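Dear colleague,

I am passing on the structure we spoke about, and my notes on it follow directly below. Please read them with the coordinates open beside you.

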Amino acid sequence: MRGRIVLVTLLLIINLFLLVRLIWSDQGIFAYLELKGRHNSLQQKIDDVDKKSLDISQEIRKLKSDKGYQEKIVRERMNFVKKDELLYIFPDEKGKPGGEGTDEREN
């Protein structure tokens, strides 16, 4: 009977040790949840970069092939005008005139 109590106590201690290790160790549940969160965050960043890359490559394709789009971009971003046209530049809300340096895209 005494041997059985010792065996049950030993097994209980081992189970408690394994439970603690399963939950709080470097390879436990909390570490797994932290890594899963980091993975999701990095995956979201990758998806955002992929989308931005796709947008940029579509714009490059348009700039190479679509003359109307090229003209639109040059007129909007560089304030180019055709012959016999007048260009009026109005200051924005901050008081700075539009034109060079007002590119709305992020660098």
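Glu71 counts as partly exposed, because its relative accessibility is 35%, and Arg75, at 28%, also counts as partly exposed. In this predicted model, Glu71 and Arg75 form a salt bridge whose closest N and O atoms are 3.1 Å apart, and both residues lie in helix H3, 4 residues apart, which is about one turn of the helix. Salt bridges with shared partners join Glu71, Arg75, Lys82 and Glu85 into one network.

The count of salt bridges comes to 5. One of them pairs Arg77 with Glu59, with the closest N and O atoms 3.4 Å apart, and this pair links distant parts of the chain, since Arg77 belongs to helix H3 (residues 67-78) and Glu59 to helix H2, 18 residues apart. Arg77 is partly exposed, with a relative accessible area of 24%, whereas Glu59, at 16% relative accessibility, counts as buried because the limit for that class is under 20%. Within helix H2, Asp55 and Lys51 lie 4 residues apart, and their side chains meet in a salt bridge at 3.3 Å, N to O.

On the nonpolar side, a surface patch of about 1000 Å² is made by residues including Leu12, Leu16, Trp24, Ile29 and Phe30. Helix H1 (2-24) and helix H2 (29-65) are the elements that give two or more residues to the patch, and H1 gives the most, with 6 residues. Leu12, found in helix H1, counts as exposed at 51% relative accessibility.

With best regards

How values were computed: Residues are numbered from 1 along each chain as its sequence is written. This is a predicted model: local features need pLDDT of at least 70, side-chain atom pairs count only at pLDDT 80 or more; totals for chains, interfaces and linings use all residues. Side-chain values use heavy atoms; hydrogens and water are left out. Patches are made of residues with over 30% relative accessible area and no salt bridge: like charges are joined within 9 Å, nonpolar side chains (Val, Leu, Ile, Met, Phe, Trp, Tyr) within 5 Å. Accessible areas come from the Shrake-Rupley method with a 1.4 Å probe; for residues, only the protein chains shown count as cover. A salt bridge is a side-chain nitrogen of Lys or Arg within 4 Å of a carboxyl oxygen of Asp or Glu. Buried means under 20% relative accessible area, exposed over 50%, partly exposed in between (1.4 Å probe, protein chains only).
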